[in-house]
Amino acid sequence: MNFIVELRNVADAEPYKVGRKAFRLGVISCRGIRVPKALCVTQDAYETYARSTGLIERISLELGRKELKDIRWEELWDASLRIRGMFLNTAMPSSLVKKIREPIEEMFGDRKVAVRSSATDDDSPVSSFSGLHESYLPVQGIYSILDHIRLVWASLWSDTALLGRKESGLGLGQGTMAVIIQEFMAGRVSGVVFGRHPSHEDQAVIEAMDGHNQMYADGIVEPARWIIDRMTGRVLAQEDAVRSRLMTPGASGLHLEKPSSGMTRDSPLSGEEVQAVYRLALKIEEVFGTPHDVEWTFCGAELYALQSRPTPVMYIRERDDMRNWYGSMSRSFEDLKQLKIWLEGELIPEMIETAASFSRTDLASLTNDELSGEILDRTATYQAWERAYWNYFIPFAHGMRLFGRVYNDTVRPPDPYEFMDLLRPSDLLSIERNKRLEYLAEQVRQSPALADALRCGRDTLDFPCFNNEIKSFIDTFGDLSCNSPASNRWDESVKGFVLKLAFKSNAAGQPSIDSMEDLEEYYLSFFPEQRKPFARELLHLARSSYRLRDDDNIYLGRMRSHLKASLGEARRRLAGRFPQLDDTDIPRALRDPAFNPVQEEQPSEEDMAYRFRLSARQLIGHPAGSGIASGTARVVREGNDLAEFNAGEIVVCDALYPDMTFIMPLASGIIECRGGMLIHGAIIAREYGLPCVTGVAGALAFIKSGDRVTVDGYLGIITISDP
């Protein structure tokens, strides 16, 4: 096997051995286009490493837990995190190190290099997707280079790569990886030339920025931009950018610095340099016969092509997939900091005030027409906030993902989720709500008379302090029923749950862990002094991301609760005419006495459950909370099911939302159809030390309330036995 190929010989190699990116660099180098000195670690090296260490089998087991069509994006990130942990903790065999170390040292010595991915399925004209695999720069020293080769190999299994293969209809296990070791070019100005404009085929686009263009890739700065006529090279338009920062290499990697005063006034490229970049794009298009997007840099007066890829079809033709949305999840550290300021400073206060404004409306006093308008207004408002949740709040969750990646890459823990112990703030709204419930439960335990009144359903007027606490709880956190009753006696659902909580028998308690100060000191000890400020800031950002991942659903749940309250009031008024009515028909039914909706007969939930009820006795999911628990299953499909939940039961649901997690002090385990370590079921499981398995396809079809189930949170296995 040939593990190393020099760039001058890459064009003669088989493309699948060196990957598309390396092959293109080799081809344009042979055509006289200036590229940095480089060599390629072939896919044979990856195959040897993955097979000799058993990683191939372990990866297959990881990705074989569910059918491809059933794997959600949260589960893809989880799977990629676990696979990346395998690479981080699996050293290269010494025999392989010997074969690739000498050529690398001979060519580069102790000079800085870029370690770039070159996957065999990278950047094809059909499946191209920017940022699919990783590149690292600058990297210095043979041991660091070898380490980063493994990280590039691991990126073959990144969440974006897995999603790309899923959306393209490819198998998750397909693909292999070569790696380019390339001389690092510390350019004075860098950028990308798009050989064909995404929207105008007769134009090209040049984007440039001072220093290295990693800030451009991360979206940290806005580049200067030139629109070029593809036929003549004439500049059609020029957009200058604020030049407040540039990225330069330092001892610990790339870092930001302020440009000189002269640089802030001048364009990063002269007219002659713009034309040189334009001609570079034409030369590469001539070589391959199709427009390319080319990453380039000027070192002094010399122009280098760093890498090129065919202009993706997705630029020219809309793709019907979720990859663009998912790509928005991978935010840079700088972008996340700005998003945090906006969310905490503007969106969250606005969301809270919107919910508060709904609470000030007396629904019972509204006419039918007014109530209809109120429902329509609340529906539109809730839907708008739900869109904001997907577009801004969920992407902010990448703060946790980014921290987890940095933690794992630096600390190399055997448990890829160890980082989450550092993200457990004490001020989660759902945890604060449960503490308040526990406080109310303690009052019941201390007063037999109060407990007796609650058991018998008598009024609690003789216990004013307790009643005031109940009212305060509802004003702060809302109802516990999730589905607003026709009456306004929301306090009954809270009182009923408090009574259950007061006399629970075997609910799990919150686990003991090392002090947060010790965990933080341990984490920071892995960073050199100059990197500790970044490490602290990233931890602070991740904790905000963790807290908001829970709290934003509480805020959204308040609005949903008010929307359901208005629908509940309408159903009370319409009960005589329509025993059953879809939510979408309610506003019209309130306004139009003659309205008579046509209702399609739907199979009952019992019929559907029977159809899917098979004899399965073991289900596979993703381990999300360590431990093993056996108990009676309680299937939760809607808010009313929560009222039936008893101490020691195992909750089975599609997704455990924060407005449902008040039952956790009673639960002994969690089973969710949705998957992911950062979904709320997994988060709350860690808070309470509950065994948890997520991503269990068919859990609601195969498990019914009353079944005896065992949750293995270590292996991700659910065992079903007879009730």
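## Report on a predicted protein model

Pro138 lies in strand E4, which covers residues 135-139. The peptide bond that leads from Leu137 to Pro138 is cis, with omega near -15°. This strand belongs to a predicted model, in which the protein chain has 27 helices and 21 strands.

**Overall picture and confidence**

The protein chain has 723 residues, and buried residues make up 56% of them. Among contacts between residues at least 6 apart in sequence, 69% join residues at least 24 apart. The average pLDDT of the protein chain is 81, and 82% of the residues score at least 70. Over residues 482-490 the pLDDT is below 50, although this stretch has 23 contacts in the model beyond near neighbours in sequence. Residues 125-129 also have a pLDDT under 50, and the model gives them 17 contacts beyond four places in sequence. Where pLDDT is low, the predicted coordinates should not be read in detail.

**The nonpolar cores**

The largest nonpolar core contains 63 residues, and Phe403, Phe419 and Tyr523 have the most contacts inside it. Several helices supply at least two residues each to this core, among them H5 (73-88), H14 (333-359), H15 (368-396) and H16 (398-411). Helix H22 provides the largest share, 16 residues. A second, separate core of 45 residues includes Tyr46, Val97, Trp153 and Leu162.

Residues up to four places away in sequence aside, Tyr523 touches Phe403, Tyr407, Leu422, Ala535, Leu538 and Leu539. Tyr523 also forms one aromatic cluster with Phe403, Tyr407, Phe419 and Phe527. In the whole structure, a search finds 16 aromatic pairs. Elsewhere, an aromatic ring is approached by a charge: the charged end of Arg34 sits over the ring of Tyr304, 5.8 Å from its centre.

**The two sides of helix H21**

Helix H21 spans residues 516-524. Its buried residues are Leu519, Tyr523 and Leu524. Seen down the axis of H21, these buried residues fall within an arc of 130°, so they line one face of the helix. On the other side of H21, Glu517 and Glu521 are exposed.

| Residue | Relative accessible area | Class |
|---|---|---|
| Ser155 | 1% | buried |
| Asp712 | 14% | buried |
| Arg412 | 23% | partly exposed |

Ser155 is located in the loop between helix H7 (142-154) and helix H8 (159-167). Apart from its neighbours within four places in sequence, Ser155 is in contact with Leu132, His133, Glu134, Ala161 and Met177. With a relative accessible area of 1%, Ser155 counts as buried because the limit for that class is under 20%.

Asp712 belongs to strand E20, residues 708-712. Neighbours within four places in sequence aside, the contacts of Asp712 are Gly627, Ile628, Val693 and Ile717. The value of 14% for Asp712 is also under 20%, and Asp712 is therefore buried.

Arg412 is found in the loop between H16 and helix H17 (429-446). Arg412 has a positive phi of about 60°, although Arg412 is not a glycine. At 23% relative accessibility, Arg412 is partly exposed, because this class lies between the limits of 20% and 50%.

Technical notes: Residues are numbered from 1 along each chain as its sequence is written. This is a predicted model: local features need pLDDT of at least 70, side-chain atom pairs count only at pLDDT 80 or more; totals for chains, interfaces and linings use all residues. Side-chain values use heavy atoms; hydrogens and water are left out. Helices (H or I, at least four residues) and strands (E, at least two) are DSSP runs, numbered from the N terminus. Buried means under 20% relative accessible area, exposed over 50%, partly exposed in between (1.4 Å probe, protein chains only). Contact means heavy atoms within 4.5 Å. pLDDT is the predictor's confidence in each residue, from 0 to 100. A nonpolar core is a set of buried Ala, Val, Leu, Ile, Met, Phe, Trp, Tyr and Cys residues joined through side-chain atoms within 4.5 Å. Rings of Phe, Tyr and Trp (its six-membered ring) pair if their centres lie within 6.5 Å; planes under 30 degrees apart count as stacked, over 60 as edge-to-face and the rest as tilted. A charge sits over a ring if NZ of Lys or CZ of Arg is within 6 Å of the ring centre and within 35 degrees of the ring normal. The arc is that of the directions from the helix axis to the C-beta atoms.
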